[in-house]
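Please keep the sequence and the three-dimensional view at hand while reading.

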Amino acid sequence: MCGIVGYIGHRDAYPIIIKGLQRLEYRGYDSAGIVLFDGEDTQLSKTKGKVEDLKDKSKATISTKGKLGLGHTRWATHGVPNGVNSHPHYSNSGNLVIIHNGIIENYESIKKALVERGYTFESDTDTEVLINLIEEVKEKEGVKLGKAVQIALNQVIGAYAIAVFDKSKPDEIVVAKLGSPLAIGIGENEYFIASDASPFIEFTNNAVYLEDEEMAIVRLGKEIKLRKIKDDAIAYPNIQELQLNIEEIEKGGYDHFMLKEIYEQPRAILDTYRGRLLANQGIIRMAGIDQNLEKFLNANRIIIVACGTSWHAGLVAEYIFEDLARIPVEVEYASEFRYRNPVITENDVLIAISQSGETADTLAAIKMAKERGAFVFGVCNVVGSSIARETHAGAYTHAGPEIGVASTKAFTTQITVLTLIALKLAKEKGEFTDSKFHELLTQLEGIPAKVEKTLQSNVLIEQIADVYKDSTNCLYLGRGYNFPVALEGALKLKEISYIHAEGYPAAEMKHGPIALIDDQMPVIVIATRKGHYEKVVSNIQEIKSRHGKIIAVVFEGDETVTQLADHIIEVPETSETLSPLLTTIPLQLLSYHIALMRGCNVDQPRNLAKSVTVE
Ligand code: M6R
């Protein structure tokens with residue numbers, strides 16, 4: 001987690017760093033800091049809180065001049081969030097300065113040795129240990145900063161994206177990466193450094209993404225030099241042209257990114273299947289699948305690994321793959337999978353799902369599966385992300401940047417990609433007739449318009465939110481394809497409104513959760529007329545008999561559930577397979593409104609970060 005930004009060039013660094021940090025706040029936002037260097041002196045400002053607090057503090061306490069700057073927005077790992085633990089950190093001499101995203105796992109032993117050799121520490125961070133190790137190496141070995149960084153990094157275990165400068169070298173920043181992302185934007189006689197390209201997109205479209213175990217000396221007036229940290233081998237920078245545009249990362253008139261992203265779903269789903277789904281011709285075209293079709297068709301099973309919302313998309317995919325393509329699927333939390341010595345064979349296909357493409361556990365699961373011979377396919381949103389690069393092949397969801405910490409459009413676009421894959425494999429395997437295949441393709445093509453229609457329930461959902469905003473608990477129930485939607489609805493509510501919520505398969509209610517139901521308990525039930533409708537109706541009766549409050553998500557024109565429920569939210573009818581793409585929308589809006597009414601920070605909920613790049 002944590003976001004890092006750096007600048008060196010001909011402009012004032014301060015506004016670039018501050019704006020960049022604001023764009024990276026999704027990565028962590030419990031404290032922030034900035035250092036500016038005018039060639040002679042450094043100005044340091046750090047504080048607990050958001051970048052806005054840093055801005056206020058910096059304006060009042062430091063000179064904001066300097067053409068070189070580093071900034072950091074933090075999600076605390078080592079040491080509580082406060083000014084002292086915030087980055088940047090100085091070395092003991094005050095000559096070296098660092099920002100760091102990641103964790104140095106062996107920092108305690110290094111710190112102990114440094115203390116024995118006379119080093120002192122102000123903060124509790126692993127980062128301050130690293131900068132002093134670099135300083136010690138530099139002085140002991142009599143080497144330049146780049147070499148000292150390289151030697152020091154060969155002594156650390158962990159993950160990092162770092163940027164370091166030396167006050168005696170005002171035209172140079174040294175950067176390095178292992179496990180955490182780092183991009184270098186290349187402008188006209190200026191360089192930008194950041195955790196992703198969003199901080200510099202208005203200045204340049206050219207960027208280099210460092211690979212793991214690479215470092216670079218970013219020097220004004222010189223081309224970027226890349227080196228391998230381990231063996232000093234020269235690596236050649238692959239300069240990419242960025243596709244991102246500035247409008248995509250601004251709020252565009254919405255109060256919150258989350259709301260904007262919920263409303264972007266019709267477009268995002270359309271963009272995700274555009275060019276892939278050719279309903280008229282009865283074709284699904286996906287390069288990553290086409291080129292590896294045999295691997296999928298001959299797979300013993302598909303293992304899906306992911307975390308959080310992406311894991312819920314994986315659960316939906318399990319239903320779709322098994323139901324349509326008749327391929328056995330197992331869905332695993334990446335964090336469990338990577339540590340439980342799973343049986344993986346060369347005949348397994350592993351699909352890793354991740355919006356950010358940077359989730360540490362998912363990345364580790366991929367690496368393990370690759371080592372054991374599995375074919376690994378990625379479903380990611382962020383182009384060029386670590387997971388996109390680490391997998392053998394993949395398919396992007398074309399959701400556009402998702403900034404709100406609560407995942408919304410990532411979920412529906414992941415399901416869209418996974419549905420396309422399942423449909424394609426089902427067709428190739430001859431699992432259903434041309435007419436059924438064609439019907440599903442046509443239905444999928446109709447989903448964006450149906451999402452658009454579902455969004456029209458926003459005012460009704462806001463009214464329902466008002467009734468339940470003070471609840472302390474909430475239950476979400478669904479069956480079949482909509483069981484994962486219940487899990488996802490509960491996750492959305494708890495992460496942004498801090499109301500305790502649980503998702504359950506509706507039939508499981510009788511095995512425990514039913515004890516919780518009383519007249520204070522809102523129960524959100526997904527009860528679409530397809531699938532196991534009658535069974536869900538029975539579950540609703542059971543809740544009603546215990547005076548639970550029922551909010552039901554149903555297909556338009558529903559009569560049975562409408563008579564039983566306290567509140568009804570209708571979505572347009574579609575096939576059971578595609579229903580999660582619609583039923584999930586009201587649950588996103590409900591969470592959004594409840595969180596807002598409770599005064600919560602919808603886009604940046606407490607204790608969370610958008611990409612979880614630490615395990
Ligand atoms: O970037 P990823 O999809 O790998 O992220 C996985 C989870 O961290 C993420 O979905 C998280 O659960 C969201 N906050 C949920 O809204």
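## The ligand and its surroundings

A residue counts as near a molecule or strand if one of its heavy atoms lies within 4 Å of it. By this rule, 15 residues surround the ligand, and the closest of them are S310, S354, S356, T359 and E495. The model is a predicted one, in which local features need pLDDT of at least 70 and side-chain atom pairs count only at pLDDT 80 or more, while totals for chains, interfaces and linings use all residues. Residues are numbered from 1 along each chain as its sequence is written, and side-chain values use heavy atoms, with hydrogens and water left out.

The shell around the ligand can be sorted by residue class. Ala, Val, Leu, Ile, Met, Phe, Trp, Tyr, Cys and Pro count as nonpolar, Asp, Glu, Lys and Arg as charged, and the others, Gly among them, as polar. The shell comprises eight polar, five nonpolar and two charged residues. Two helices, α10 (308-325) and α18 (483-497), each contribute at least two residues to this shell. Helices (H or I, at least four residues) and strands (E, at least two) are DSSP runs, numbered from the N terminus.

## Polar contacts and cover

A polar contact is a pair of N or O atoms within 3.5 Å; within protein, one must be able to donate a hydrogen and the other to accept it, and residues adjacent in sequence count only if both atoms are side-chain atoms. Which distances separate the ligand from S354, V405 and K492? An N or O atom in the side chain of S354 is 2.6 Å from an oxygen atom of the ligand. In the case of K492, a side-chain N or O atom is 3.0 Å from a ligand oxygen. With V405, a polar backbone atom is 3.1 Å from a nitrogen atom of the ligand. Of the 410 Å² of accessible area that the ligand has on its own, the protein covers 91%. Accessible areas come from the Shrake-Rupley method with a 1.4 Å probe; for residues, only the protein chains shown count as cover.

## Domains

The protein is divided into domain 1 (3-246), domain 2 (251-445) and domain 3 (455-605); these bounds come from an automatic or database domain assignment. The C-alpha centres of domain 1 and domain 3 are 45 Å apart.

## Salt bridges

A salt bridge is a side-chain nitrogen of Lys or Arg within 4 Å of a carboxyl oxygen of Asp or Glu. The structure holds 35 of them. One joins E264 to K409, with the closest N and O atoms 2.6 Å apart. This pair links distant parts of the chain, 145 residues apart: E264 is in the loop between α6 (257-263) and α7 (265-273), and K409 is in helix α14 (residues 409-428). Both E264 and K409 are buried, where buried means under 20% relative accessible area, exposed over 50%, and partly exposed in between (1.4 Å probe, protein chains only).

K492 also forms a salt bridge, with E488, and the closest N and O atoms are 2.6 Å apart. The two residues lie in helix α18, four residues apart, about one turn of the helix. K492 is buried at 1% relative accessibility, and E488 is likewise buried, with a relative accessible area of 1%. Salt bridges that share partners also join R23, E202 and E250 into one network. The salt bridge between K469 and D466 has an N to O distance of 3.1 Å; K469 is partly exposed at 22%, and D466 is partly exposed at 41%.

## Backbone features

Most residues other than glycine have a negative phi, and most peptide bonds are trans. Which residues have a positive phi although they are not glycine? N341 has a phi of about 50 degrees and is found in the loop between α11 (334-337) and β20 (348-354). N607 has a phi of about 65 degrees and is placed in the segment after α21 (580-597). N341 counts as exposed at 58% relative accessibility, as does N607 at 62%.

The peptide bond from H87 to P88 is cis, with omega near 0 degrees. P88 lies in the loop between β4 (68-74) and β5 (89-90).
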